[in-house]
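Have a look at the structure first, then read on.

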Amino acid sequence: MTAGPRLADALLPRLPSAVETPGFDRSAVAPGIVHLGLGAFHRAHQAVFVDDCLNAGESTWGIVGASLRSADTRNALAPQDGLYTLSVVDGSGERLRVVGSILSTLVAPENPGALLDALCDPRTRIVTLTVTEKAYLRNSAGNLDERHPEVVWDLANPDRPKSLYGFLAEAIARRRAAGTVPFTILSCDNLPANGATLRKLLVAFAGMRDRELGRYVAEDIAFPSSMVDRIVPATTDSDRERISAALGATDAWPVTTEPFRQWVIEDRFPGGRPALERFGVEMVKDVAPFEDMKLRLLNGSHSAIAYLGLLSGHETVAAAFGDPAIRSFVGRLWSEAIPTLPTDAGLRPEAYIDELAKRFDNPALKHRTAQIANDGSQKLPQRIIATAIDRLRTGAGADHLMLAPAAWIAACEARGNSLPAGHFTDPLDAALGAIFAKSLGAAETVDEVFGAAGFAAGSDNLATLKRTAARHLASLRRNGAAATLQELGS
């Protein structure tokens, strides 16, 4: 990494004038938000919107960031007073901004008591989350996995929680006992109806602890749903070198992103909120139509691009989308998905996919296909499978949509062969490995994988979905991605 002083508050006045820096006194900011899941996406999205509000003088909405697993982000940001650089890149170049909204960072496994104290602080009025799908600890039916080791632990050790639910339930119980007003819990994860989903799961957990606590969570805690959108590739050593050189100071963990950003939130915050709408956040009554459009058009095509890109030897989204066969396929996938969206919600899907094409084409955004490929078994149900089910319900086909899960299976099979072992990961890797070891035919493989993942479980169209996926998997195995795409497009 470039040698030089470490980015910190004292260094801000000496940064180059082209670098945007916080326009507020960070020492005068009070914490009002606790964020769980302190990853790159949060730092390129929610933390930037909050930084906008702090720059506008709303000084009671600083963020306490907490990692539920790794200490890496804390170790990088703590020596920098929580500061980091946001790099916004496109074909015109790079713009740098130092973000100052994160006041402190915690690592839950190291000191669960410190996180509970932050959650119980009366100044904390909002808890936000970007913990990814697997941290929601759901079983194949979408309910709380009551046998999960962390759930079992947290029920027995409420003062030393490990899971998302353990921390939230214990903090809610303590605030209630102290007479502290409830906080609002705002999920920012890519889950359908993420607020309602989190509410159901937390009510179930809290009810297992205490029936009355479960009732209190159900009736007195607000869980607005939200939809978030910004492409944030994993930070590379090259990013660190380039950004640190431009700063003239060492930033151990900057984040790189695209100019586009979107945040749609249901406006239910009994304890108050920052005026996010001043900076482009859409505050709405119902986020579902916007969420569906994003999941089905952006996230669905992203997954398809990732798996087909991996099978075609493309390292980044821009490279994969630049492949004429994949680009043409994505256009047809969008044509299948758009009719499943509501027509009376003010959506503009044609304009949206035009914007998506520009974003996917961004050559400066090195968004790795392997990064997007992670956790496919938990992402594909809402991104692809639900859309395909809706298509079949209307009597339409889902041929292009169902290539995505087939490509996921083929890409998982390819690890350790044409793709490096461990190139991407999935919560079902152990089960998938056992299935692949049987060397089954395409139909049998799809049947077992769909069963393990719970894809389309209970759907009247399950057999049709499996047949279509199996046909695609057989072609991918026999002919490869390029020939499969050519055949599908003919």
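For the class counts below, Ala, Val, Leu, Ile, Met, Phe, Trp, Tyr, Cys and Pro go down as nonpolar, Asp, Glu, Lys and Arg as charged, and the others, Gly among them, as polar. Keep in mind that this is a predicted model.

**Largest pocket**

- The largest pocket comes out at about 1,500 Å³.
- It has 43 lining residues, and Gly39, Ala40, Phe41, Thr132 and Gln371 sit closest to its centre.
- Sorted by class, the lining of the largest pocket has 15 nonpolar, 16 polar and 12 charged residues.
- Helices H1 (40-44), H3 (72-77), H10, H14 (369-373) and H15 (376-393) and strand E8 (226-229) each put two or more residues into that lining.
- H10 is the top contributor to the largest pocket, with four residues.

**Second largest pocket**

- The second largest pocket has a volume of about 870 Å³.
- Of its 33 lining residues, Arg138, Asn139, Ser140, Gly142 and Pro381 are the closest to the centre.
- H7, H15 and helix H18 (442-453) each give two or more residues here, and H15 gives the most, with nine.

**Cavities**

- Residues lining the largest cavity include His42, Gln46, Trp263, Phe269 and Arg273.
- Helix H2 (46-55) and strand E6 (126-129) each supply at least two residues of this lining.
- By class, the lining of the largest cavity has eight nonpolar residues, three polar and one charged.

**Helix H10 against helix H13**

- The axes of H10 (residues 288-311) and H13 (residues 349-361) come within 11 Å, crossing at roughly 35 degrees, and the crossing is right-handed.
- On the H10 side, the contact residues include Met293, Leu297 and Ile305, while H13 brings in Tyr352, Leu356 and Phe360, among others.
- That contact counts nine nonpolar, two polar and two charged residues.

**Helix H5 against helix H7**

- For H5 (residues 149-156) and H7 (residues 194-209), the axes come within 10 Å and cross at roughly 45 degrees, so H5 is oblique to H7.
- This crossing of H5 and H7 is right-handed too.
- Val151, Asp154 and Leu155 of H5 meet Phe205, Met208 and Arg209 of H7.
- Four of the residues in the H5 and H7 contact are nonpolar, none are polar and two are charged.

Technical notes: Residues numbered from 1 in each chain as written. Predicted model: local features only at pLDDT ≥ 70, side-chain atom pairs only at ≥ 80, totals over all residues. Heavy atoms only, no water. 1 Å grid on protein atoms, 1.4 Å probe; cavity = no way out; pocket = protein on both sides within 12 Å on 5 of 7 lines; lining within 4 Å. Axes fitted to C-alpha atoms, helices over the stretch in contact; angles between N-to-C directions. Left-handed = near helix turned anticlockwise from the far one by under 90°. Contact = heavy atoms within 4.5 Å. Parallel < 35°, antiparallel > 145°, perpendicular 65-115°, else oblique. Points joined across faces, edges and corners; volume = space filled by probe spheres on them.
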